[in-house]
Amino acid sequence: MTASPPGPDFTARLERARTEMTADGVDALVVSVGSDLPYLLGYEAVANERLTMAVITPAGATLFVPGLEEPRVMRRGELFDVVAWEETEDPLDLVAARIVGAGRVATGAQTWSRFLLGLQDRLPGVRFVDATGIMRRLRVVKDGVELALLQTAAAAADRVAEGLAGEQFSGRTERELARFIAAETVAAGHETSSFAIVASGPNAASPHHEPGDRIIAAGDAVVADFGGRVGGYASDITRTFHVGEPAPEFSAAYDVLVEAQEAAVAAVAPGVVAEDVDRAAREVIGNAGYGAYFIHRTGHGIGLDVHEDPYLVAGNSEALGPGMAFSIEPGIYVPGRFGMRIEDIVAVDDGGSRRLNSAGRELRVVG
Ligand code: ZN
Ligand code: ZN
């Protein structure tokens, strides 16, 4: 019998959260829907009108949940108390009673405004501040458990990408292919599919194209960008396919893109600042004359959220460090004509970096 892998150390996470709260002069940390709550307590709120909220103070932690959702809560020893509120109660009154007397309260960025405004009404003496800084410092460096989940998710995404190279593209609509990819994402080992972008022909010039009824045909480049979740942690991969042999101009641009992605990955190391990785990709694309067609940042951090810190973008001078994980995804988008993108997840380690994705990055010619 093999032992199951160790889970997250929530006790250590709460301890670190309290250290960061002290550093920011915050008396209580309030988190609700989104990824901050599962990161801290291992419980994900049902995102609906019934309030789920955790209040973390130096003295303890309390999770307020709708009574009917209490059975979903995995109690973790002494880590936090649970208050299950009844349908006839006002849960904001209960939360307010827990934080009354606090001077500064940090609120998770994804807490709904209705909840925050309700607390502000009840607690006029409390100063509410954004908890993004605290949560960012906690979450930006992944521990071993998190990196293992990101690696497992990336390997599953690789299997989907490799399988796509053997698929018939022409004759299918973008929407049909996106549904196929979503199903394959689960079949390959993810618990859920998070998204599947399929952008064909001129649509591929729109990086976040919504797959539609366009029928994929010979001569199209097709950008497929998709991901799912394993143990809460996200995968996110992009590969570009071509239906039939590409024109020389497309092949030449694709060679530039491969070189740009490689240059950005090679630039990643501990101590390197985020914007320098962006510049490494942008220089290669700019030198080839496509600079105006690379219209987004080079990458984004990934973890419980598909997009989180650190962002690889001009103006971000934060230094990268071991344990950070992010996408490297340069693209070239020529409006009305074609688009292309290559995306891998990369993790910083002590010596440099490693790609978590290994699916082939060469242009895949499909039928
Ligand atoms: Zn992506
Ligand atoms: Zn991405």
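**Exercise 1. Which side chain is joined to the side chain of histidine 209 by a polar contact of 3.5 Å?**

*Solution.* The model is predicted: local features need pLDDT of at least 70, side-chain atom pairs count only at pLDDT 80 or more, and totals for chains, interfaces and linings use all residues. Residues are numbered from 1 along each chain as its sequence is written, chains are lettered from A and ligands numbered from 1 in the order in which they are written, and side-chain values use heavy atoms, with hydrogens and water left out.

Step 1. Locate the residue. Histidine 209 stands in the loop between β7 (192–200) and β8 (221–230). Helices (H or I, at least four residues) and strands (E, at least two) are DSSP runs, numbered from the N terminus.

Step 2. Classify its accessibility. Histidine 209 has a relative accessible area of 15% and is therefore buried. Buried means under 20% relative accessible area, exposed over 50%, and partly exposed in between (1.4 Å probe, protein chains only).

Step 3. List its contacts, a contact being heavy atoms within 4.5 Å. Apart from neighbours within four places in sequence, histidine 209 is in contact with Glu174, Ile197, Val198, Ala199 and Asn203. The C-alpha atoms of histidine 209 and valine 198 are separated by 7.3 Å, and the two residues are 11 residues apart along the chain.

Step 4. Identify the partner. The side chain of asparagine 203 makes the polar contact of 3.5 Å with that of histidine 209. A polar contact is a pair of N or O atoms within 3.5 Å; within protein, one must be able to donate a hydrogen and the other to accept it, and residues adjacent in sequence count only if both atoms are side-chain atoms.

**Exercise 2. Describe the surroundings of aspartate 278.**

*Solution.* Step 1. Aspartate 278 belongs to helix α9 (residues 274–287).

Step 1. With a relative accessible area of 3%, aspartate 278 is buried.

Step 2. Residues up to four places away in sequence are not counted; aspartate 278 then touches Arg297, Thr298, Leu312, Val313 and Ala314. The side chain of threonine 298 is joined to that of aspartate 278 by a polar contact of 2.7 Å.

**Exercise 3. How many salt bridges does a search of the whole structure find, and which parts do some of them join?**

*Solution.* Step 1. The search of the whole structure finds 28 salt bridges.

Step 1. Consider arginine 13 and aspartate 143, whose side chains meet in a salt bridge (3.5 Å, N to O). Arginine 13 lies in helix α1 (residues 10–23) and aspartate 143 in the loop between α5 (132–139) and α6, so the pair ties together parts that are 130 residues apart in sequence. Arginine 13 is buried at 3% relative accessibility, whereas aspartate 143 is partly exposed at 30%.

Step 2. Consider glutamate 262 and arginine 355, which form a salt bridge with the closest N and O atoms 2.8 Å apart. Glutamate 262 is in helix α8 (residues 248–267) and arginine 355 in strand β17 (residues 353–355), so this pair ties together parts 93 residues apart in sequence. Glutamate 262 counts as partly exposed, at 43% relative accessibility.

How values were computed
Salt bridge = Lys/Arg side-chain N within 4 Å of Asp/Glu carboxyl O.
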